Amino acid sequence: MDELRKNHIVHIELRDSSWVNGTVLDYEKDRVMVLVDEKYLNNAKKLQELDDVKVIVHTHCGLKKMISSVISPLDHRSCIVIENSPAETVHQKRQFVRVVDDFDFNIEYKNQFYPSKCVNVSAGGIAFRSKGNDFKPKQEIKLIFPENVFSKVITCDAEIIKVQDDFFVAQYKNLNIYDENKIVKRIFELLARK
């Protein structure tokens, strides 16, 4: 995968539909070393040499997929080595992949809070429903995502880019890389359930 770089988030789906999340520790033209997140070590122990796995990588070009083989199973450093295969060709117009989600969150606008419900989410923005407000395109709002969904409270500014009755789409304005990674991790988890 030409788009792959160090520190990219990696999602590996096993044959039994369980998954392993980690980050790219190092890579070469033919192989990728993945540092497995502590939470996924038990699943990573299932991987054996030459197992074929589905891999999704969050790259600067969006989500990229590849079919890969395990070169070296889990080692004492919590790393696995997989084959660096070509990315599957994806035809999409969006920069970021959106997934359906339904968590509750708050919007702060002019010192008022508006309870809202996610419709779908991506690493670049969110579509949501919110009643009792009069948001307009190009208005700036503050999004407050809950800790129970993202393992920490995420707050960022956003701009309303679409309005249709009580349905809105907002694009993130100042989302830092750490919070973006939390959202991407959520997206991977939702993709793995499909």
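In the predicted model, strands β8 and β11 run antiparallel and are joined by three bridges; two strands are taken to pair if DSSP finds at least two bridges between them. Helices (H or I, at least four residues) and strands (E, at least two) are DSSP runs, numbered from the N terminus. This is a predicted model in which residues are numbered from 1 along each chain as its sequence is written, and side-chain values use heavy atoms, with hydrogens and water left out. Local features need pLDDT of at least 70 and side-chain atom pairs count only at pLDDT 80 or more, while totals for chains, interfaces and linings use all residues.

One face of β8 is covered and consists of Phe 105, Ile 107 and Tyr 109, whereas Asp 104, Asn 106 and Glu 108 make up the uncovered face.

The largest nonpolar core comprises 33 residues, and those with the most contacts inside it are Ile 126, Phe 128, Ile 141, Leu 143 and Phe 145. A nonpolar core is a set of buried Ala, Val, Leu, Ile, Met, Phe, Trp, Tyr and Cys residues joined through side-chain atoms within 4.5 Å. Buried denotes under 20% relative accessible area, exposed over 50% and partly exposed the range in between (1.4 Å probe, protein chains only). Among the elements that give two or more residues to this core are β8 (104–109), β11 (140–145) and α3 (177–192). Helix α3 gives the most, with five residues. A second, separate core of 20 residues includes Ile 12, Val 53, Val 55 and Met 66. With residues up to four places away in sequence not counted, Ile 141 touches, among others, Ile 107, Tyr 109, Phe 128 and Phe 135, contact meaning heavy atoms within 4.5 Å.

Twelve aromatic pairs were found in a search of the whole structure. Rings of Phe, Tyr and Trp (its six-membered ring) pair if their centres lie within 6.5 Å; planes under 30 degrees apart count as stacked, over 60 as edge-to-face and the rest as tilted. The ring centres of Phe 103 and Phe 150 are 5.3 Å apart with planes at 90 degrees, so this pair is edge-to-face. Phe 103 lies in the loop between β7 and β8 and Phe 150 in helix α2, so the pair ties together parts 47 residues apart in sequence. Phe 103 is buried at a relative accessible area of 5%, and Phe 150 is buried at 3%. The pair of Tyr 109 and Phe 135 is likewise edge-to-face, because its centres are 5.6 Å apart and its planes at 90 degrees. Tyr 109 belongs to strand β8 and Phe 135 to the loop between β10 and β11, so parts 26 residues apart in sequence are tied together. Tyr 109 counts as buried at 14% relative accessibility, as does Phe 135 with a relative accessible area of 2%. One aromatic cluster includes Phe 103, Tyr 109, Phe 135 and Phe 150.
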